[in-house]
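Please read the following note with the sequence and the model open beside it. Each point takes up one topic and may be checked against the coordinates.

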Amino acid sequence: MNFVKKLDSAPSLYFLPENKEPDFFSEDLKNYIFKERAFEGKAKESLVYIGPKTDNIILVGLGKEEDLEADTYVQAGYRAYKLAQENKLEGLNLSVEAFGDIHPAKALQDTVEGLYQGAYHFDSYLKEKKERRLKEVHIHSELEDQEALIQEVSHLMEAVYAARDFVNAPANDLYPESFAQRVLDLFKDLDVDIRVYDEKEVKDMGMEALLAVGKGSDRPVRFLVAKYLPLGEDQEAITLVGKGMTYDSGGYALKPARSMDTMKSDMAGAATAVASLYALAKNQVQENVVAIFAAAENMVSGGAVRNGDIIGSMKGSTIEVNNTDAEGRLILADALYYAASQVNSKAIIDMATLTGAAIAALGYDITAALTNDQELLDGLLATSRATGEGMWQLPITPGIREKTKSKVADLDNSSRTYRVAGTIYAAAFLEHFVEGKPWIHLDIAGPAYKDSPSGYLPYGATGVPVKTLYHYIKKQK
Ligand code: BES
Ligand code: ZN
Ligand code: ZN
């Protein structure tokens with residue numbers, strides 16, 4: 001999609017709330033709307049009045065001005081793209097006026113985001129690709145810095161697309177080594193220092209938990225550290241840590257086929273960590289940020305970790321692996337400890353498709369957020385309300401911390417007797433490895449991947465919560 005100067009022959013598209021009759025309506029259009037009761041401005045409503053002898057106009061309803069939601073303009077931009085597509089338009093003049101208490105810059109950026117949301121397709125594996133007709137969009141707003149605002153959100157959506165493409169890629173093509181290589185390719189023109197550690201180097205660093213999870217697979221593990229330090233190496237960084245299970249069969253605690261078939265998406269945390277860093281670096285946000293992921297494939301073989309094994313970790317704590325399907329917390333244990341001990345982190349945020357229990361608790365639209373630093377999380381929750389990427393806090397309770405102790409090792413990766421509050425249990429386990437640093441854990445098992453499209457989010461990978469992380473970190477500077 002290209003953003004261009006006004007297109008003479010293309011239709012004009014306007015967003016309108018209810019009960020608003022703008023002065024650009026011609027008598028002809030007014031009569032048409034009145035006679036046909038064709039448009040009232042309701043949310044999700046639209047009017048396409050294009051062709052010869054018409055005003056060549058499309059209207060998209062926003063609903064009541066006082067009821068506009070944080071992402072109303074994203075929805076409207078998405079509708080605009082779909083209407084253009086349905087009407088086979090190659091160009092569109094889109095006017096963005098901010099209504100209600102939506103800031104004009106947000107209205108503009110959200111609209112552009114909506115266009116990108118509408119345009120996303122994962123079709124690299126399809127022989128016949130769907131044609132994307134809409135090539136040129138002219139955006140009209142009253143904003144002087146319109147171009148810079150469009151560019152910023154285009155970079156952000158490039159990052160969201162990258163996260164989605166990583167997650168949608170099947171595990172036969174995207175495994176730890178190829179995942180790391182794709183990240184190197186993505187960042188090749190940016191001033192980000194990336195180091196990929198291979199299996200031997202992971203061993204040398206003492207990451208025994210990561211190795212234990214990966215050893216059942218023919219595809220060796222990788223550990224990736226990407227540093228974007230515009231403030232200089234001596235300044236502290238916000239460190240993003242991701243779970244990078246390129247496939248989670250469950251291991252010996254094998255998943256049923258029904259739950260296994262989407263487990264190529266179990267590296268969504270890692271994808272969102274690097275994609276957020278990409279958006280920040282591409283927009284040259286002045287904040288030190290480090291993105292880290294541990295990548296492995298959880299498989300079954302004669303060499304795989306067994307239910308009941310006791311393994312080590314980089315921190316030195318021993319872990320009883322009661323359940324090989326609770327593998328995410330094992331690889332995160334080493335990645336979090338690395339973030340806390342080897343990086344000058346002022347805050348650590350991890351993202352992981354960690355527990356089915358998060359889906360049971362909050363469904364597919366809401367990320368579960370847990371923390372050891374309430375103030376840190378309050379800031380992130382406020383940002384998530386503005387981006388429309390829902391998050392809800394769950395507590396980490398002393399009682400559940402107690403349950404993570406094993407009788408025969410320092411920690412139990414999954415309790416044999418305590419079978420409730422799985423998301424909290426996992427967070428209490430992870431907390432052990434952050435060495436008291438300010439930390440947020442985001443369990444994205446629900447929102448990372450969709451079995452069917454939902455609103456402007458597509459089937460498959462969503463890229464949630466890249467937008468929130470980007471805006472949150474940008475606000476810190
Ligand atoms: N990757 C899964 C969690 C998951 C489930 C993500 C559904 C996305 C959709 C994770 O590794 C897992 O299997 N967790 C277990 C933990 C249990 C064995 C303690 C779970 O949630 O059942
Ligand atoms: Zn698992
Ligand atoms: Zn998993």
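The numbered points below treat the metal sites, then a sheet, then the aromatic rings of this predicted model.

1. The site of the zinc ion (ligand 3). Four residues coordinate this ion at 2.0 to 2.4 Å: Lys243 through NZ, Asp248 and Asp266 through OD, and Glu327 through OE. The angles among the 6 donor atoms run from 76 to 173°, and the site is octahedral. Along the sequence, the donor residues follow the spacing K-x4-D-x17-D-x60-E.

2. What this site joins. Lys243 belongs to strand 9 (residues 237-248), whereas Glu327 is found in the loop between strand 12 (319-321) and helix 10 (328-341); the pair therefore ties together parts that are 84 residues apart in sequence. Lys243 and Glu327 are both buried.

3. The site of the zinc ion (ligand 2). Here the coordinating atoms are OD of Asp248, both O and OD of Asp325, and OE of Glu327, at 2.0 to 2.2 Å. The 6 donor atoms subtend angles of 70 to 167° at the zinc ion (ligand 2), so the arrangement is irregular. The spacing of the donor residues in sequence is D-x76-D-x1-E.

4. Asp325, with a relative accessible area of 23%, is partly exposed.

5. The bridge between the ions. Which residue bridges the zinc ion (ligand 2) and the zinc ion (ligand 3)? Asp248 does so, and the two ions lie 3.2 Å apart.

6. Strands of a sheet pair through backbone hydrogen bonds, in either a parallel or an antiparallel sense. Strand 1 pairs with strand 6 (residues 136-140) in the parallel sense, over 2 bridges. Within strand 6, Glu136 is the bridge partner of Asn2.

7. Aromatic pairs. The whole structure holds 16 aromatic pairs. In one of them, the ring centres of Phe122 and Tyr125 are 5.8 Å apart and the ring planes stand at 40°, so the pair is tilted. Phe122 is partly exposed, with a relative accessible area of 27%, and Tyr125 is also partly exposed, at 46%. The rings of Phe429 and Phe433 have their centres 5.6 Å apart and their planes at 45°, so this pair is tilted as well. Phe429 and Phe433 are both buried.

8. A ring cluster and charges over rings. Phe3, Tyr116, Tyr120 and Tyr161 are linked into a cluster by ring pairs. Tyr120 has a further contact: the charged end of Arg164 sits over its ring, 5.0 Å from the centre. Elsewhere, Arg219 lies over the face of Tyr175, at 3.7 Å from the ring centre.

Key. Residues are numbered from 1 along each chain as its sequence is written. Chains are lettered from A and ligands numbered from 1 in the order in which they are written. This is a predicted model: local features need pLDDT of at least 70, side-chain atom pairs count only at pLDDT 80 or more; totals for chains, interfaces and linings use all residues. Side-chain values use heavy atoms; hydrogens and water are left out. Rings of Phe, Tyr and Trp (its six-membered ring) pair if their centres lie within 6.5 Å; planes under 30 degrees apart count as stacked, over 60 as edge-to-face and the rest as tilted. Buried means under 20% relative accessible area, exposed over 50%, partly exposed in between (1.4 Å probe, protein chains only). A charge sits over a ring if NZ of Lys or CZ of Arg is within 6 Å of the ring centre and within 35 degrees of the ring normal. Donors are N, O and S atoms within 2.8 Å of the metal (3.2 Å for Na, K and Ca); water is not among the atoms, so sites may look incomplete. Four donors count as tetrahedral if all angles lie between 85 and 135 degrees; four count as square planar and six as octahedral if opposite donors are over 155 degrees apart and all others between 65 and 115; anything else is irregular. Helices (H or I, at least four residues) and strands (E, at least two) are DSSP runs, numbered from the N terminus. Two strands pair if DSSP finds at least two bridges between them.
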